[in-house]
Amino acid sequence: MSRQRLTIGTFGEIGHLMSPNGRVFARARYRDWGGTTRLVQATGDTRKSAERALKAKLADRSLFQPSSSALTPDSPFPDLVA
């Protein structure tokens, strides 16, 4: 059974990797507004600090919506054509 797709603007499970110099990488997959899933990562001195940095990065990333947000599901068809 396959894994369910990420919803747009959300991230998956956070993983941690240790670098040779002792820093920790926190990584997660994020589905952006274009529908593409991207790997996002952040570093920190500890697992918790790396995870906090990653979550801050993901929160900033979700603010970037498509620039054409003037249309809504209730918009009339002529607005779509224009």
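Biologist: How many of the residues of the lining of the largest pocket are charged, and how many are polar or nonpolar?

Modeller: The lining of the largest pocket divides into five charged, three polar and one nonpolar residue, where Asp, Glu, Lys and Arg count as charged, Ala, Val, Leu, Ile, Met, Phe, Trp, Tyr, Cys and Pro as nonpolar, and the others, Gly among them, as polar. The model is a predicted one, in which local features need pLDDT of at least 70 and side-chain atom pairs count only at pLDDT 80 or more, whereas totals for chains, interfaces and linings use all residues. Residues are numbered from 1 along each chain as its sequence is written, and side-chain values use heavy atoms, with hydrogens and water left out.

Biologist: Which residues line the largest pocket, and what makes it a pocket and not a cavity?

Modeller: The lining consists of Arg3, Gln4, Arg5, Leu6, Gly12, Glu13, Arg29, Arg31 and Thr37. On a 1 Å grid over the protein atoms alone, a cavity is a set of points where a 1.4 Å probe fits but cannot get out, whereas a pocket is an open set with protein on both sides within 12 Å along at least five of seven lines, and its lining residues have an atom within 4 Å of a point. The space in the largest pocket comes to about 230 Å³, a volume being the space filled by probe spheres set on the points, which are joined across faces, edges and corners.

Biologist: Why are β1 and β3 called edge strands?

Modeller: The sheet is open, with three strands in the order β1-β2-β3 and antiparallel pairing. β1 (15–18) and β3 (37–44) each have a single partner strand, so one side of each has no neighbour in the sheet. Neighbouring strands are turned by 30° against each other on average, direction ignored, with axes fitted to C-alpha atoms, for helices over the stretch in contact, and angles running from 0 to 180 degrees between N-to-C directions. Strands (E, at least two residues) and helices (H or I, at least four) are DSSP runs, numbered from the N terminus.

Biologist: What makes β2 a partner of β3 and of β1?

Modeller: Two strands pair if DSSP finds at least two bridges between them; β2 (residues 24–31) has eight antiparallel bridges with β3, and four bridges join β1 to β2, so both pairs meet the criterion. Arginine 27 has bridge partners on both sides, namely glutamine 41 in β3 and glycine 15. Histidine 16 is paired with alanine 26 in β2, while phenylalanine 25 stands opposite threonine 43 in β3. Each hairpin has five residues between its strands, with glycine 22 at a positive phi near 100° in that of β1 and β2, and glycine 35 at a positive phi of about 95° in that of β2 and β3.

Biologist: Why is leucine 54 called buried, and why is threonine 46 called partly exposed?

Modeller: Buried means under 20% relative accessible area, exposed over 50%, and partly exposed in between, with a 1.4 Å probe and protein chains only. Leucine 54, at 0%, is therefore buried, whereas threonine 46, at 42%, is therefore partly exposed. Threonine 46 lies in the loop between β3 and α1, and leucine 54 in helix α1. Of the 82 residues of the chain, 18% count as buried.

Biologist: Which residues does leucine 54 touch?

Modeller: Not counting residues up to four places away in sequence, leucine 54 touches Ile14, Ala26, Arg27, Ala28, Val40, Gln41 and Ala42, contact meaning heavy atoms within 4.5 Å. The C-alpha atoms of leucine 54 and threonine 43, eleven residues apart in sequence, are 7.6 Å apart in space.
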